[in-house]
Each structure stands twice: as C-alpha cells, then as structure tokens.
Amino acid sequence: MSPRDLMGAALRGLTANKLRSLLTVLGVSIGVGAVIVLVAVGNGSGKAVQARLEAMGTNLLTVSTTGGGGGFQRGQAGPAAQQYSLTLDDSAALADKQLAPDVSAVAPVMTSSGATATNGDTSYTVNQVIGTTPEYMTATNTPVGTGASFTQQDVDTSQRVILLGQTTATELFTRPASAVGQTIKLGAVDFVVRGVLASKDSTGFNDPNATAIVPISTLRATQAGYGALSQIVVQAVDKDRVDTAQSEVTQLLTARHKVPATETSPFRITNSAQILQTSQDTAATFTALLATVAAISLVVGGIGVTNIMLVTVTERTREIGIRKALGARRRTILGQFLIEATLLSLIGGAVGVGAALIVTRFQLAGVQPVLVPSSIGLALGVSAAVGLFFGSMPAHRAAGLRPIDALRHE
Amino acid sequence: MAAESLIEIRDVTKTYGQGETAVHALRGVSLRVEAGEYIAVMGSSGSGKSTLMNILGCLDVPTRGEYWLDGSDVARLSEDQQALVRGRKIGFIFQSFNLIPRTTALANVELPLTYAHLRRGERRKRANRALELVGLADRTGHRPNELSGGQQQRVAIARALATGPRILLADEPTGNLDAHSTDEVLGMFDDLHADGRTIIVITHEHDVAARARRLVQVSDGRIVADEVTR
C-alpha cells in the first residue's frame, strides 16, 4: 500500500466519527498549547525580571555594613559598631585606582527619609532624599531627564542644589520640566532645582521616582548630620570584572577597618550580577515547573488517543478481518492504525500551536509571554511521538488479530 | 504427490477448546479439488462446512492434517505469505457481503488490488472492469448502505474477481438474497465456471447445490458423500 493510500484510509477512518476525532484532537491540542503557552509565560517573566535588573546596572556593587549600620543621626551607635561604619574616606580609598583597579566609579550614599519638600503652597513628603556625588548617576543608571546633574564642584562647596525624581517633580510642579531653575524648600532650607531625573521602572515595592538627590556634603550640612554613610555604590569597570572588584572592595575595607580574621565580614556587598543570576535561576525553575504541569496535560491527551484508538479497533474488528481476507498484511493494518493515531495527535499539535500563537500575543497574569521557538518544535515532535507511542498498542492489537477471529467478531 | 491438484487436504481435523468442552468441528477430512471444478459443499448448520471453507481460504489453520494449495504446504507459509495467498489466489464471497462500510463500491473493489501493490491507474481500470462485469458500472460511487442486498453481493463478487484469483470461495452467497438476486448471482457463477475458474460454494440450499458439477456432503465433521453430479 502506498503512503497515499494509507493516508487516505486513515483519513476515512478519522472522518467516519467526526465528533470523537474532534474531541481527541482537542485533548492533544490543549496539551500542546499548554506546553507552548506556559513555557512562553515562564520565559516572559524571566525576561521581564532580567530587563528590570539590567536597568539597575549589572556591574553594580552596593556596600553596606551590618556592624555599624547606616547612621542618619549623630552618635547612634557604640564604639564597636562605629569601628565598622562606612566613611567618606572609605569611599575615597575605593576610588583609588592603585588600591582597587577594577573599580571604575564610587559614590558614597547617605539617605534621609521623610523630608518635606515645599514649592510655594504645594508640599510633598519625599520618600527618600539621597546625598551622593555625581558618580551615583552613572553607576546606578539614573540619568537626568531634563536640566543637568550637579557637579563635583557643587559637592565640594556644599551647594544647595537638588535633582528631583519624576514623582517628586510632578507633585510639586505638575509639569516636571518646568521645575528646572525653580527654588523649593526641603525642610527649612532653600534648594535650586538643577534637573529632573528620567523616569525609572520599579524594581521593588517603593516608587523609585519619589526621590530627590542632593550633593552629599549639602545633605550632611542641612539634613542628616555627619554620621556614617548608609552605603557606598561601587561600579566595576566591566560586567565580567564584578567579582574581582567585589573581592578588592572586601579586602580594602577589611584592611582599613582592621577587621580580625576570625570575625565574619561586617560588610555586606550586594552584587547585582548575582541577583540577576539568582532571579534567572528562579525564572528557569518556574519555567520548568510550568512546563511539567503542561507536559502532564499532554500525556493525558495522549492517553485520550490510546483510548479512542482502542475503541476504534474494537469497533472495526470486522473491517480488519475483511481487509485481512482481501490480502492485507500485518504491517499494512499496523500502518493504517498508527497513521490514524499519529494524524489525530499531529492535527491536535497543529491546532495547539495555532492557539498558543494567538494566546501568547496577550498579557497573561501581568506577564507578556515570550515564545520559545524550540518549544513549538518540541511540542509538535512530542505530539507526533505521543501518537506513535500511544497508538502503537491498539494498532498492534488490530494487526495481531487472526483473520477468522476478526471476521467472526460481531 | 502424484498428479498435483490445485487443492489437496489430507486428514484435516479442527478442534475448538480443550478437554471435555472440546468441540470437534472437523474429524478428519480429505479432499482434492482440481483446477476448473465447480463444487458445492452441503451440510446442515454445525456440520463443519464453514470451518472447512475457512481452512481452505487460509483464514483459519487446521488442528491436525495437511493442506496443499497450488503445490505449497500452507502450514509452512509465514503470516505475510498467507496474506499474499489470500490476496492473489483466493476470492472470498460471504453470506453477509462483508463490504467495508462508508466506502464506495469502487473503493471496495479496489481494496484487494491496493494490497496487491498495483498502481493507482491500473487499480481503477481493473476495478471498473470488474464492476462492469457484474453489471454495476453505474453504481461505482455508491456506498454499501445505498445498494440493495443483491447489488451489494455483486459488488462483493466484483471485489473477489478483481485480482483475478484462481479460486472463488463462496460461503452461503445467496443466504441473504431474494430469488431474483439468487438467480443473478448463480448465473454469474456459471459464467465464471465457464471461464475456467475453480468455484467452491458452501450452501444448505439444494437448488444452489444443483448448479455445481460436484457435490460434497458434510455431516458431523466428516465427508459423508462426494459425487460428480453433472
């Protein structure tokens, strides 16, 4: 029997009971569709997290101390804690190319929360006022949208200049761009708005745009006092040198603060590349979990194929007997039923792929799915294999029937 | 073997089941059929005549005994070779027609030709010729449920003839037909016999058996009479 004849016979078999074939196809297509869609959702959420983290800058190290803590107020900690407090000198030492060659930029950071900004009659409580140096803007990927950043000279001379986050600027001036050059009050002190920061995507629960940035010297003089730094932001020269930079920072700080070798390091260094890696691993686990659930539904679809083929073989036992009496060989019968089963699952696979292509165009549970091309090929291949595998048992049963037993079947 | 017959069975028995519940359908049957014979096998129901036909048609295997078909020992043929014998040497005609449902008359007749690996065009030509021969040239596109019993049996005959087999095995071919259709079918058998085909008809009707040239009577699994009638 030629392939074309086999195909024709298989198609006639399938169309003989359209509703049954349709339901079986539906079972397989749900399985295949689920695999593709869920893998795309997992992939999409992984990509979204990655994009957000990359916006933060992947060659970024954030140094803070667990011993001293970031001091906002004067003299809040005892002498042991103060030993490990981060200072502006630490920041200067880290910026030294000789001591830490893999560090490209260093920005000391002090923060003050809950300050009230006022523009005439309008006031707004700024989430976080950051005192830092101009390096902060490049290191943390925080560009200035309109206006300009303050300069190192502003820091050196403690100028009362301020950069507003998008939310802060909007709250105070309605139109963020009009803020540049205006004077606002932060607490009781007048500040000239130098620029407005470009809008940032949220990486956590806090609005990253509800901020204001001032020179660190100004913040110490007017708001936070002269305590310890809350953190030092360190930028590595290259994405691949983040780990080297991290060990240089650790060594340098350990030496400067004379941390005993027996003690665990009081400095906590957050490596954004590590966070990225961790979240990518999490996303991969998530994707695998979703794919497993989907694969189970594909197997259930496959069992549907077996079930319907068993029914078909039983129903058509007499027909098998007739075919054998007319000279059909074992493998001809086997081929006919295998092709029927494979066609069922392949059609199901194609329908599933089509449905998945449509569904993944929309956001699902807040995630924009990103199709993984290999998952389409895999799902189609698996559905063909499902047909062959789950169809082979009924097909073998049909082919193995003795002609007289098949003919006598009622 | 001396003069080689087309069909020769020797001391064939067929037992279904085992022990005390065993049913002896055939209890030692020997039969020779020469090419071109027209034989009727008669017997009441349960006499073993259908079992005999199934064994002759390679649809069933004897429990004991030998079966030589056209010079070869059927017991030694593989499953595929037996399928080949059924397809090429034997044409079956059944009491219940056994056409494939939901499939046109033409496709039904083409089926054995498909299994014999004929090309599409050749298949179509031969199937059409066979349907023409049984007078159904205008019914090629009809499905079995759109045909009368007599027409269905004629399609079945066309299908049995399509591969040009030497032997036609008919099991109660007129059992489900009215008198007019019975006449038509038997007339066809006469023509086929005249063409030189070997025909074995299983029946319990005397007027059907009367058309054959030789009458074999089976009772209780044994051949009780074997005579040339015409």
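How many residue pairs are in polar contact between chain B and chain A? The count is 8 residue pairs, both residues at pLDDT 80 or more, where a polar contact is a pair of N or O atoms within 3.5 Å, one able to donate a hydrogen and the other to accept it, and residues adjacent in sequence count only if both atoms are side-chain atoms.

This is a predicted model, in which local features need pLDDT of at least 70 and side-chain atom pairs count only at pLDDT 80 or more, while totals for chains, interfaces and linings use all residues. Residues are numbered from 1 along each chain, chains are lettered from A, and side-chain values use heavy atoms, without hydrogens and water.

Contact (heavy atoms within 4.5 Å) involves 27 residues of chain B and 24 residues of chain A. The two chains bury about 2,400 Å² between them, 53% of it on carbon and sulfur atoms; buried area is the accessible area (1.4 Å probe) lost on putting the two parts together, summed over both. Of the area that chain B buries against chain A, 25% comes from B:Leu59, B:Asp80 and B:Tyr115, more than from any other three residues.

The interface also holds 4 salt bridges, a salt bridge being a side-chain nitrogen of Lys or Arg within 4 Å of a carboxyl oxygen of Asp or Glu. One of them joins B:Asp60 to A:Arg402, at 3.0 Å from N to O. On the side of chain B that touches chain A, H2(B) gives the most, with 6 residues; helices here are DSSP runs of H or I, at least four residues, numbered from the N terminus.

Technical notes: Helices (H or I, at least four residues) and strands (E, at least two) are DSSP runs, numbered from the N terminus.
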